[in-house]
Amino acid sequence: MPEKKEKYYLTTPIYYTNGLPHIGHTYTTVICDTIRRYKRMRGYDVVMTTGTDEHGVNVERAAKKAGIPESEFVANMAAAWRALWEELGIAADEFVRTTDLSHVRAVQWLFKLCKENGYVYKGQYTGQYCIYDNAFVNDAKPGDNCPDCGRPTETLTEENYFFKLSAFQKPLLDFYKKYPEFIQPETRKNEIVSFVEGGLKDLSITRTTIRWGIPVPGEEPHVFYVWFDALTAYISAVGGPDFEKRGYWPANLHVVGKDIIRFHTVYWPAFLMAAMLPLPKQVWAHGWFLMDAAKMSKSKGNVVLPRPIVNMLGMDALRYFLLREVVFGQDGNFSYDALVTRYNSDLANGLGNLASRTAAMIEKNFGGKVPKPSERKPQDDTIATETQTAIGEVLERYEKFEFARALEAIWGVIAAADKYLTSEQPWALGSSEVDQARKATVLWTTAELLRIVTVLAHPVLPDSTAKVWTLLGQSGSPGSFELDGLRWGQLAPGVALGKLQALFPRVEKAEAIERIESMANEELNPTPTPAPVAVASSGTAAGAATAPA
Ligand code: ME8
């Protein structure tokens with residue numbers, strides 16, 4: 001554990017405001033929230049940033065279509081994004097909007113530094129531009145489609161400021177070599193290294209054809225190119241030019257989807273090198289959640305929304321599914337069927353069932369107080385050792401962001417508890433002194449295991465573990481438990497159990513899917529009523545959506 005609270009700064013991408021969050025955005029934000037909780041439990045002083053990327057031609061067009069000024073359009077969208085993260089309990093510590101004045105100043109400051117250091121010049125640029133991705137498409141010819149989104153590119157000539165990206169080929173390659181952990185996972189690193197080895201062209205970083213952007217001081221009508229603008233949000237969120245005062249820059253971690261890794265591992269470090277600013281320590285690119293084997297997008301009409309799932313199964317179920325189903329870094333398919341199957345098997349039958357039967361047996365046999373264990377049998381020691389070993393393994397997995405493996409190890413402990421109960425059969429023991437003593441040992445052992453599982457699962461399942469924590473009569477939140485101090489044997493006998501709250505009520509699959517789909521349909525195609533779709537607070541399987549973190 002760090003001596004004095006060491007700072008840890010992590011970020012999600014700064015999302016575009018031309019749509020609302022779907023499961024893909026939720027995935028990135030859940031990952032960051034999980035890492036934030038985990039790092040806090042390891043004693044770090046953590047700040048997590050998210051935000052909205054609000055400039056560019058797409059916004060100009062969308063605002064025009066909506067018949068409102070751009071500033072109003074983006075304010076509405078940013079408010080919607082912020083509200084959804086809060087509703088889902090994954091609101092970040094900093095929410096940066098690229099229209100914030102502090103961000104505008106930070107972008108202008110970064111540009112000034114790059115220019116003063118000789119890395120910015122004026123020139124003419126003609127190229128094929130994808131207005132949907134806000135990027136010139138390298139090597140594309142007129143008539144070519146954008147290789148990323150498949151839509152037509154437009155030929156654009158304009159006077160631009162250029163950033164001398166070509167000067168950074170060697171510094172970047174040296175940097176990747178010196179910090180082999182900078183780009184993760186390894187396969188992405190290899191891609192980026194060969195891209196940079198292939199040569200870097202200078203990059204246009206301003207536009208004169210776009211109106212809705214941050215002005216280049218004294219150079220109007222030049223406004224900043226979206227990536228120079230957006231990437232700077234990571235530093236403007238923690239002080240901009242005054243970043244040293246707050247002490248969170250350089251970031252420890254940028255979590256992004258694989259679609260934007262190049263911007264984060266080539267452009268961004270080059271901008272920072274040019275400005276002689278510290279570089280982030282790591283960029284982690286995860287894969288995509290696919291729907292019917294295609295990347296989700298609103299235009300394809302295959303988006304999965306988080307809210308209907310949360311209303312039906314609870315936020316923890318969604319978090320669990322996203323992190324358990326896919327190996328971090330790889331693509332994964334989203335399906336409601338797999339989601340509900342995992343919910344019933346791992347959450348309702350697994351953790352939920354273990355918690356409720358343990359509490360019920362302690363209630364019935366020991367008046368709701370944690371019993372005092374007595375003489376141990378070898379099988380008690382075996383399960384204690386297994387659980388203690390799992391603590392080490394889970395922490396190691398979390399540390400490497402191997403969430404699926406961490407959860408697998410935790411659920412291995414839950415399965416061991418089920419087996420232990422089945423073989424020890426505390427319910428079949430009588431009321432003799434010997435039987436009572438044995439019952440006490442078995443139930444203390446199970447409750448202790450449950451306590452450890454609760455702490456370990458907390459970064460992924462914050463709400464339900466908080467409920468189990470209370471059920472076990474523990475004070476505070478499992479989130480304030482320091483992971484490094486977690487050991488077998490800390491559960492004090494005599495503690496009164498709290499109230500059993502519904503954790504993960506089993507659901508009938510077909511019915512659950514139908515309800516989720518119908519809520520999603522309603523959200524995507526609302527019937528014209530004045531009120532927005534309400535967040536269900538009752539009548540759901542798992543109760544209300546979570547409170548803000
Ligand atoms: O690219 N699966 O914003 P964006 C997994 N504004 N993750 C997904 C996903 C999917 N199907 N779809 C989206 C931008 N994501 C820029 C970023 S940062 C300085 C500027 C997630 O709204 C994933 O993290 O298009 C991806 O990188 C990000 O959303 C793209 O969000």
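Visitor: In which loop does Pro-250 lie?
Guide: This is a predicted model, where local features need pLDDT of at least 70, side-chain atom pairs count only at pLDDT 80 or more, and totals for chains, interfaces and linings use all residues. Residues are numbered from 1 along each chain as its sequence is written, and side-chain values use heavy atoms, without hydrogens or water. The peptide bond from Trp-249 to Pro-250 is cis, with omega near 10°. Pro-250 is in the loop between helix H8 (243–246) and S11.

Visitor: Which residue does a cis peptide bond join to Gln-184?
Guide: The residue sits in the loop between strand S7 (183–184) and helix H6 (186–197). At this cis bond omega is about -5°, and the partner of Gln-184 is Pro-185.

Visitor: What is the phi of Phe-401?
Guide: Phe-401 belongs to the loop between helix H13 (378–399) and H14. Although Phe-401 is not a glycine, its phi is positive, at about 60°.

Visitor: Which elements each supply at least two residues of the shell around the ligand?
Guide: A residue counts as near if one of its heavy atoms lies within 4 Å. There are 23 residues around the ligand, and Ile-14, Thr-28, Asp-53, Gly-257 and Phe-289 come nearest. The elements supplying at least two residues each are strand S1 (7–16), helix H1 (23–41), helix H7 (226–236) and strand S11 (253–257).

Visitor: How much of the accessible area of the ligand does the protein cover?
Guide: Polar contacts (N or O pairs within 3.5 Å) include a ligand nitrogen 2.7 Å from a polar backbone atom of Ile-14. A polar side-chain atom of Asp-53 also lies 2.7 Å from a ligand nitrogen, and a polar backbone atom of Gly-257 is 2.9 Å from a ligand oxygen. Of the 680 Å² of accessible area that the ligand has on its own (Shrake-Rupley method, 1.4 Å probe), the protein covers 95%.

Terms used. Polar contact = N/O pair within 3.5 Å; in protein donor to acceptor, adjacent residues only side chain to side chain. Helix = DSSP H or I, 4+ residues; strand = E, 2+ residues; numbered from the N terminus.
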